[in-house]
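Here are some notes for a colleague who is opening this structure for the first time. They go point by point, and each point may be checked against the view shown below.

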Amino acid sequence: MTRPAQVTIGLMATFALLTGIGSLHSQNLSREEVARLQYENGRGHMRRGNYAEGLKDFTTVADSYPESTLADNARLEISRYYFDIADDPARALKEADEILKRYPTSDSAPYAYLVQGEVAMERTRRKEDLEKAVATFDRVPGIYKDVEAVPRANYLAAEALRLAQRPAEALARYRRIVAGYPSDPVIPKAHIGTGMVLAQIGDAVGAMEEFQFARDKESLPEDTDVALGRLTVLYRLYVRPPQISAFTYSAKDGAVSGRTNDVQSIVFTPRGEGYFTTKSAIMPLAARSEPPPATLKPRALAVDRRGRLVAIDAGVLKQRDRASLTLSVLQNGANKVLDEVVTAASFKNGDWLVASDDDRGIQRFGPNGKHMGVFSTARTSRLAINEFDEVAALDRDAKTVRIFDEAGKAVGTIPQRGTGYELKNPVDIAFDALGHLYVLERTAVLVFVPRKQPSAFVRAFTEPETSPGALRKATAFAFDSQGRMYIADDNAEKIRMYQ
Amino acid sequence: MLKKFACINDARPRRRQPRHLGLLCAFGLAFQPSLALAQAPSQAPTAPAPAVNINASLLIDGMRFYDAARYPDAITSFSRAIDLLNAGDPQQRDLLARAYEYRARARYVVKDTVGTELDFTLLLRLRPDYQPAAEMSPRVLATFVDVKKKVVGEMSLRLSPPGELIVDGVSYTVGSEPLIMPVVAGEHTVAAKRRAYAPVEQKILVVAGETVPVAITLERTSATFIVRTAPEGVEVLFDGVPKGVTVKGTDRPDVSAPLVIQDLAKGTYVTRYQRECYRPLERPLEITQFADSELLEPIRLDPSVAKVTLRMSEPNATIYVDGVSKGSNAAEVTNVCEGEHLIDVRSPRGRFIDRRFWRTGDVETLNVVLRPAFAIVVNVPPAGVSATEFRNLVERGLAGARGALIFTPTEEELNAARRPDELSAEFFHGTSTAAALRRSETGDRVAARLGAQGIVAIESGGRPDSVQMTLLAAGSSEPEVLTFDLNDQTSRANAVTALTTDVPTILRLSIDALVVDVASVPGAVVVRATQGSGLVPGDVIVDVAGTSVTSVAELMARLNGQQGQSVPVTVRSAAGGATRSVSLVPRLVPDTIPLADRHLLYNGLLLRLAEALRETRTPVDATAARLNLAIVQMRLGRWGEAAGNLEQLRLPDGPGVSAGTVAYLLGLCYDAVGRRADAVASYTTASKSADSMLSLKGPRTAALAQEKLQLAGAPR
């Protein structure tokens, strides 16, 4: 027998900030009221991006008014700041732990568990770690039953299962969320998650239906945009008739750069900023992009686990406003800085995989640049890592793509030849958001689903020879968040966009 | 009652007219029953003749004897009559006087002078004001007069102010002129008692043959006030003490009859004139002397009414004003008196309540929109707040909720409704099966008695100003709790929103194809289409009836309202980019309310969906209403009823909400009531329906059913 359902309406009164904190002294306010005003002040700062000031306010509430009803909320704000903004999961965890220790029955406690789980999940794709994250998320409905955090906890657990590559369980969880909390703000994300799983198990139509569900008029723009991107990818690959090219080039708005050649690498950040590098410089694709880091000998571009641009400058990983990482390996008893690094990619936990234009194979470095050993001896000219931390490594000479898991174990290969395709001159590889692997040839793009049996090949894209978008000497490519493809072609001396 | 009858003479042969014909007729008129017996033997027998009638006949006999000059016989008859007649009886008294007169006259003839004088004495003692018959002979008359001089005196009575005087217990009216009253010589009592005057009583000795002047002047001891009002029916108060109510007058249609207020002492009074629906009037009144005073002009009260117009959404709803039924005709309710009133409109579907203070001259149109009404039956206020104040705050705070009316029944209604059933906060919160069953039955009963669609408990929410309101629709076993803060506008607004939320959409438009948005592809891209629809995967719908559409949302907006109609759309082919025209026939398909959504008030939805089911017009409306009613019933623990509704549904199999959906929901119902085998069968059916969805936005019921089967350990 269920308890009477609780529909809790706005338990916390909202206060308008009528005066600043300084005028409090003139008012006869209780400690609770002061704490409340300070808390709201902090939230205002956070909304405006004044994080330092906001942090100050929340810290004051948490430390100076620990007895107030908002002390736990203040700690939660601090925790979320460190996790979402400052990229300091250790501090985020510390605050979350403090909430659970001191305020275990507060309304912030369930959210503290979410922080714990998200921290665990965000930096790993190892199954055992993801399972721990699931267990943490499951504490919320287990302990707190029917609180507002439950749908989000269930969603995050489903995401963890999906990332742990347990699709059936993930699907079941997403379905339960949709069935059980149909008006919760997390629902569009649950639909997206369902779509992702369906796409990964080969049900493209089912996936598209779910992505379209996520485009409800009440969804947030971040969700509707993501869903649109996914829909577009699937449309190109599975709905557009085979005789129609998956991508089209429009001469009117297809060129996105001036004369360029010898493009080594193109990359897009999750925020939509695009960059490319030649042997001499790193250039933004759009004027509005943030300036790239300064480099001497740029060889390639990558994005780190937080989606920030990283320039590979010989053996150094460089970022704007952050310390560079010098990549060196022990050779003959001495640390030798790698040179001629041609490709790099980052795991979720911040480790880097790096390959040089030599026979050293793929080296692994920690987030602080510490050499962790050889990831794989495979000769590699390009690296790409998908959301499961699976690694695709292009061996240009062998014209194959090897697939590894996060530990370096080979789990698959795309051979040079297979049903419906042949890799003649592969120059670059990239994953899209749905896990499709694209291989850039000089004159075409081939699409694979690496684990699909019996054949991983999906379809190929090429422009007709006479088309202004025809590929003749492609050198690098990348995808933006909408799934549009940018290809640098030395013959055209341009980077062109295909959609 | 006197009746007319034929005088005796008419029935007898003509002979010498007895001189006393008139007297006989008079006797006959007075004593009709006896004469009727003599007159008409054919008449129906009457009641036995009273004694006076017998005596009257003796008198008549005496008269005959007297007329026939048989004086001894006359004397004998008269004597017998005199013996029998009762002087104390007013009717017989006159007869007695007559008998004395005629016996005296008869005695005079037989030279019995003593007897004559004695008879006249007795006569005058009986009737001092007696006037003998006109035909009395002068000599007899002289004897009469002599006797009178010895027996009768007079009182000359004056009374100031004129009025009623009581002489020896008999009341006489004394006007402005003296009243000369013959009385038997001796002592007499003269008294005057009149309201507003001091009573007077005097003993007067009257000497025979003399006239004693008696002048009585009454002393006024209080004042009298006389007032008329317009209209009548006005209550008059003096210093707050009611003195009477004016009644309808006869001389002027709009003015009352005079109201006489007596026994007023001297002094200053505040007079108040009041009548319902009129503005009361107060005036000072000074009484300086004991006298009658009268207002020349009537006191006029001004009507104090407000004009109300009821705009009824339901013509058959019953209107109550202050608890009194006024029928269903809104035109009958046009005015309300100034003051606090409750206008209450009720129907089985809901209620409208307006409770306010009406001022004179207010003109208001009330749009009577009935809402499902929930009666407050349990009221547990916080400390320091009265129950009345608490419920007023809650009522006022939630007055804006369009989806439900929270109201307080009168004390009498509540006591009558609750009497056989014990209702407390625990009634609403018990979690056992027995408690749920009791809620379902008792709640239904109590709500019906109160003319409401549900019942409510309001309790303090533990924090200051916090309210915990538990709602239970009639027949529901699962109440829902709303908590809100009385002093927080946002919190109250959220509560109102929760009570106002419309029934979620239960019918949606379908074009039997899955269409999606694709970046850089203006239009709605077809991903899946039913055979025969004219669409194939990859097609892009680019316009509807000549108006371009760039997204799925625009497409559905253009098709909105066109269900059942053939709508031409332009489709760009996936293959070659050529366009063609296709006719789409959008149709309405059922969608489902979530089984558990914390933002929905299922107790309110129960009532509205039940009503929607009653009012459905098309089969798809009925299907959607019944399906969703079943879901709400499931949510509220009425599994049996839910199963009953689901079993009546016949949905085709296919994508969306379809047969598989119903099968899955039935499985849940059967599970809840312990029908394991039926549950497994239903889940099995649902698991085979690959495209069925729990709602049009998923999830697929096949997967949900398979989970259930796995839990049950049953094979898929």
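1. Strands β13(B) and β14(B) run antiparallel and are joined by seven bridges, and within this pairing Tyr269(B) stands opposite Leu285(B) of β14(B). Please keep in mind throughout that the model is predicted. The two strands belong to an open sheet of four strands in chain B, whose order is β11-β10-β13-β14 and whose pairing is antiparallel. Because β11 and β14 (281–287) of chain B stand at the edges, each with a single partner strand, one side of each is left without a neighbour in the sheet. Direction ignored, neighbouring strands of this sheet are turned by 25 degrees against each other on average.

2. What do β10(B) and β11(B) form, and how many residues lie between them? The two strands form a hairpin with two residues between them, and Asp239(B), which is in the turn, has a positive phi of about 50 degrees. Most residues other than glycine have a negative phi, and most peptide bonds are trans. Against that background, a reader may wish to look at Asp239(B), a residue other than glycine with a positive phi, and also at Glu493(A), whose phi is positive too and near 55 degrees. Glu493(A) lies in the loop between β26 (485–489) and β27 (494–498) of chain A.

3. Two peptide bonds in chain B deserve a look for their cis form. One joins Ala230(B) and Pro231(B), with omega of about 10 degrees, and Pro231(B) is found in the loop between β9 (229–230) and β10 of chain B. Another joins Gly698(B) and Pro699(B), with omega of about -10 degrees, and in this case Pro699(B) is found in the loop between α19 (676–687) and α20 (701–712) of chain B.

4. Strand β1 (residues 152–160) of chain B has partners of both senses. With β4 (residues 179–184) of chain B, the strand β1(B) pairs in the antiparallel sense over six bridges, and the bridge partner of Glu154(B) in β4(B) is Pro182(B). With β7 (residues 211–217) of chain B, by contrast, β1(B) runs parallel, and seven bridges join the two; the bridge partner of Leu157(B) in β7(B) is Val214(B).

5. Turning to helices, α16 (residues 619–635) and α17 (residues 639–647) of chain B pack at an angle of about 160 degrees, and their axes are 8 Å apart. That angle makes α16(B) roughly antiparallel to α17(B), and the crossing of the two helices is left-handed. On the side of α16(B), the contact is made by Arg626(B), Leu627(B), Leu629(B), Ala630(B), Gln633(B) and Met634(B), while α17(B) contributes Trp639(B), Glu641(B), Ala642(B), Asn645(B) and Leu646(B).

6. Five bridges join β21(A) to β22 (residues 437–441) of chain A, which run antiparallel, and Pro426(A) stands opposite Glu441(A) in β22(A).

7. Finally, chain A is divided into domain 1 (9–239) and domain 2 (265–498). The centres of these two domains of chain A, taken over C-alpha atoms, are separated by 32 Å, and their contact takes 26 residues from domain 1 and 25 residues from domain 2.

Definitions and conventions:
Residues numbered from 1 in each chain as written. Chains lettered and ligands numbered in written order. Predicted model: local features only at pLDDT ≥ 70, side-chain atom pairs only at ≥ 80, totals over all residues. Heavy atoms only, no water. Pairing = 2+ DSSP bridges. Axes fitted to C-alpha atoms, helices over the stretch in contact; angles between N-to-C directions. Parallel < 35°, antiparallel > 145°, perpendicular 65-115°, else oblique. Left-handed = near helix turned anticlockwise from the far one by under 90°. Contact = heavy atoms within 4.5 Å. Domains from an automatic or database assignment.
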